[in-house]
Each structure stands twice: as C-alpha cells, then as structure tokens.
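Biologist: Hi! Could you walk me through the inside of this one?
Modeller: Happy to, let's have a look together.

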Amino acid sequence: MQFGIFSVSDITTDPTSNTTVTEAERIQNMVAMALKAEEVGLDVFASGEHHNPPFVASSPTTMLGFIAAKTQRIILSTATTLITTNDPVKIAEDYAMLQHLAGGRVDLMLGRGNTGPVYPWFGQDIRNGIPLAIENYALLHRLWREDVVDWQGNYRTALTGFTATPRPLDGIPPFVWHGSIRSPEIAEQAAYYGDGFFHNNIFWPKGHVQQMVALYRRRYEHYGHGSRNEAIVGLGGQVFMRRNSQDAIREFRPYFDNAPVYGGGSSLERYTSETPLTVGSPQQVIERTLEFREFVGDYQRQLFLVDHAGLPLKTVLEQIEMLGEIVPVMRSEFERLRPAGIPSDPPTHASLKAARAAAAAEPLQAVAERPAAAG
Amino acid sequence: MSGPRSLVVVSAGLSQPSSTRLLADRLAAATEHELHRSGIAVERRTIELREHAQDLVGQLLTNVPSPSLQDAVDAVLAADGLIAVSPIFNASYSGLFKLFFDVIEHGALAGVPVLLGATGGTARHSLALEHAMRPLFAYLRADAVPTAVYAATEDWGQADAPADASLADRIGRAGRELAQAVTSRERTTMRDEFDDPVPFEELLRRSGST
C-alpha cells in the first residue's frame, strides 16, 4: 500500500497570523514538503495543476523534475494533470522526459479540471470535457506505445508519421490513474485501459465514491484485466493531527472557518462527520482511514491533503512527520486485512519492467518444459 | 400499473405554521382526492425547505450534500408528481425556494408533472407564478400543469368569490390537472448510468478520432 500527500498549491492567507506567503515561498514550501515526505518514509508526492491564482502549480513537470533531482525513492505524481486542456502530445513528451530524469519514479493522474475558464483560456470548450478526456487520452496512450503515430481527431491538428520523444523509459509508459468525482465515463475509461482509478474522496456523500469505484471495478473485470478486487484504486483524504484531539480541533478551527473551500458552510464538527476530513489524534486518523476500505474494497494508494487553507509550512511539515509515524501502522493494518491475491501496491516502473521480463521469459520456459512434460 | 404513486410536496414557507404550507397541504389533498377517485393509491411526502436551509447553503458553498438534504432531493427526483409552493418575496419566489431547485441537476426533473403554488399578502403579486416560477420549471423541463394557484391573505376568508374563481375552486381544478398528468404519464425508469454505463468503445466511436 502506498501512502503519500497531494497538494493543490493554493496561496491562502493564514487567518491566525494574517500573513500570506509569496509565490516564491509557496513553491519552495511545496518542494520542502516533498523532501520531508521522502525523509519520513511516505511513498508518493503529487502536485495539482492549476492555471489561475491563487494557485502556483501551473507547471508540474518542472517542479517534479526538480524534486526528482533532490530525492531518491519517492514516487512523483500529479493530482491532477489536465487531460482536457493540455495537448496530449506535450503530456506524452513532458512526462516521458520526467520519467527518464526521475529514474522511473513517475506516474500521473488525469482529470478534467474544475475551473471553467481554463477551457477557453486554452482554446477549448468545457461542454466537450468528456470527449476531450477520451480523445486526448486515446492519443496519449498510443504516443507512449507506438513509435510512429498517424492520428486524426477533433481537438488538435492531425499527426502523420509522428514520434513522441523521448520514448518512455525502458519502453514502459508511466502508470496512469484517472480521477473523477461523479462521471461514470471516466470510471469506464480507467477500466477499459486497465489503468488505475482515483477518487479524491474529499466531497462525500460516501455513496458517490462507492458508486464510482464499484463501477470501475466491475468494468475492469469486464474488460479482462483481472478480477474486480484486483483493480487498482486510490483515494484522497484530508487530515489535521495533534497528539491530543482537542488541540487539533482548536488549532485547525480558524483555518477551517476561513478556508475558501469550507468557510461559511457547515461547522467543522458537521463537516468532519459528513466527509473524510479528520481533525484529531493520530489514532483517529488511523481508524478513519482504515474505514475507507470498508466501502471501496482493498485499495492500493492513499493520498492526504495536509497543506491547504493557509497552514504555515512549519505546521505542514509537522503533519507530514506525524504521517510518517502512523503510515507503518496503517500499512500493516491494511495488509493484515487484505485478502491474498489482491495487489498491495499499484504498478510501478520496476514492477512493470519485471512483469514484462517475466512475460517475455514465459514462452521460452514453456518450450523448454514441453519435452519434459511429454516424457 | 401497480403500487402507489409518490406525491412530493415542497413548501418554502418560513414561519411555522405558514400559509404556504397551508396551501401546499390543500393542493396535495385535492390531488390525492382525484387520484383516489381513479383508484390510485398515493404516498405523500412533504418537504419543508426551512428544515434544510442551513444544509442548502452548506452544499452550495462546499459541494457536500448533507444526508437529510440528499434524501429530500432523492425523493423529489423519484416523484410521480410534485407540488412546489413558495411565498412571493420582492417580485419572485423566495431565495430559499430557489436554493433548493439550484441543487437539482438540470434535466433531472424532465417530464415530471408539477403543480405550482404561491402565497403572498395581496393578489397584486399573483402573476409572479407565471412570470417567475413557471419559467424556472420550464428551464428544468418539468411538466407544469396549466393552473397555478396563488393564495393571497384575503383568499383564506373569501367564500363569496365568483364561481370557479374562489381559492377552493382553483385548488380543485389544479388538483385535477395534476392528478390527470400523474395518471397519464408513462412511468419512465431513468437509465442508471452506473448500472448500465455507455461502453467505452461507444464513447471512443463518438469521439470520431482514428
């Protein structure tokens, strides 16, 4: 089971000190978070992609490439890469380059984006959100698997004899997740390709998360990638921890009450009871997170949002350290509960490479074994 | 056709009791009466929007529906007939009434028979039903019956209105229209896109790329 953090890269005024970090500070803070995540033993750091203030993460591969150079082990990912408004050719090139530089420690999560004006800013129409996601990914999928592509579609200029360079590292494309909150077409898409499905899980009702994951699992089986229990599922979540749960609630409340995403809505108590937001002790976070598997099944990746709403870097790094303390506990609990045969981890570059080598060796083995069997 | 029809009543009255709820109950009773005469059983559920006011604001600000609000919305979406009643404030239905219909996805009420009602201090506001509330339901593609009922304060005391124009007459006529629409409507089961997703090959084919 992989555990990690994902950031939306918001610049939000800290309501307790009335200070606001600069873009320069926020960018460096995100790097510091990723380094801390590796240091404390987390598995994944994922960056959002936004093209409007107050967000800084417009260029994820630049940031992830920089982090790759400063880390050894952590997987670099996105949450999410906009498959609708980015040119799939540029995604193919950028992420293959990142994959080479990071030694294969790269996967990416595709999403449609939730900021309406981004579509017209990038020359697209939001009403084509689903068709764009389908067409663009179909092209991206081919660009990473076919050396020379002839292609024609509706949303970008046609390609004749095009080769995306660099080719994926070792000829193995980065693993892809598809993220969506409510669109069955995206669960269907993830299932069709045998890719991962990620639900951000932050806005419940739980029933919606369950419905999307169940559809993905059923269709993953339908398309012959394995049983529904073997499908690759990731979830988001958001936490704020202190040793004593009352301290966590007291400290987090002003951030909750003033956050652009929650402020003026329901109370912190109500929101924590009706969504996965967990504000409390490390033990409460462990228990709450383990409950997720009860409604989506055994899954492979859990990402936490810990750096939003104006929380200062010092606090965020403390949160990551506490995650580092509880992840081994969660990992062993998840694995203890996981039935045999259900993958613990999503595919990685190393596991895909090993699987390919095993598959290549298989026919030879079969040939070698045949005379023995006949004898 | 077996089983009772579900009649869902949405009342946006603010006080308790409210004349909006009073009108909503009368409209529901008249509709039920007509359906019963045709031998159709009715399950009535009344939703007081006042009870969901905080949750409506919460959902619009944070995207998270509360379980009780979700339950109310689900009831409306599954209704065979809907009665929607609001007080008229400043030339239109109340903000609370609009908040509720703002969390309903476009198209989800398509073809659902709806009876519109409104209340206000004087009859001078009665055309708000036709100029404000009816277009809202036209946009939602609901099937609003021709008679919409407005009850001014004085209507509750007027027994000597001209024939066919008293509040009771209008309620009776509207109830008959809604009952008729509910009876004649083919019950369509919406295709569940989670139970029965569009196969990916079809999504790819629609995209037209090669």
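Biologist: How many cavities of 30 Å³ or more does a search of the whole structure find?
Modeller: Two. A cavity here is a set of points, on a 1 Å grid over the protein atoms alone, where a 1.4 Å probe fits but cannot get out, and lining residues have an atom within 4 Å of a point. Volume is the space filled by probe spheres set on the points, with points joined across faces, edges and corners. This is a predicted model, where local features need pLDDT of at least 70, side-chain atom pairs count only at pLDDT 80 or more, and totals for chains, interfaces and linings use all residues. Residues are numbered from 1 along each chain as its sequence is written, chains are lettered from A and ligands numbered from 1 in the order in which they are written, and side-chain values use heavy atoms, leaving out hydrogens and water.

Biologist: What volume does the largest cavity have?
Modeller: About 60 Å³. Its lining includes Arg270(A), Tyr271(A), Gln54(B) and Asp55(B).

Biologist: Which element gives the most to that lining?
Modeller: Helix 2 of chain B, with five residues; helices (H or I, at least four residues) are DSSP runs, numbered from the N terminus.

Biologist: And the second largest cavity, what is its volume?
Modeller: About 50 Å³. Among the residues lining this second cavity are Ile83(A), Tyr137(A) and His178(A).

Definitions and conventions. On a 1 Å grid over the protein atoms alone, a cavity is a set of points where a 1.4 Å probe fits but cannot get out, and a pocket is an open set with protein on both sides within 12 Å along at least five of seven lines; lining residues have an atom within 4 Å of a point. Helices (H or I, at least four residues) and strands (E, at least two) are DSSP runs, numbered from the N terminus.
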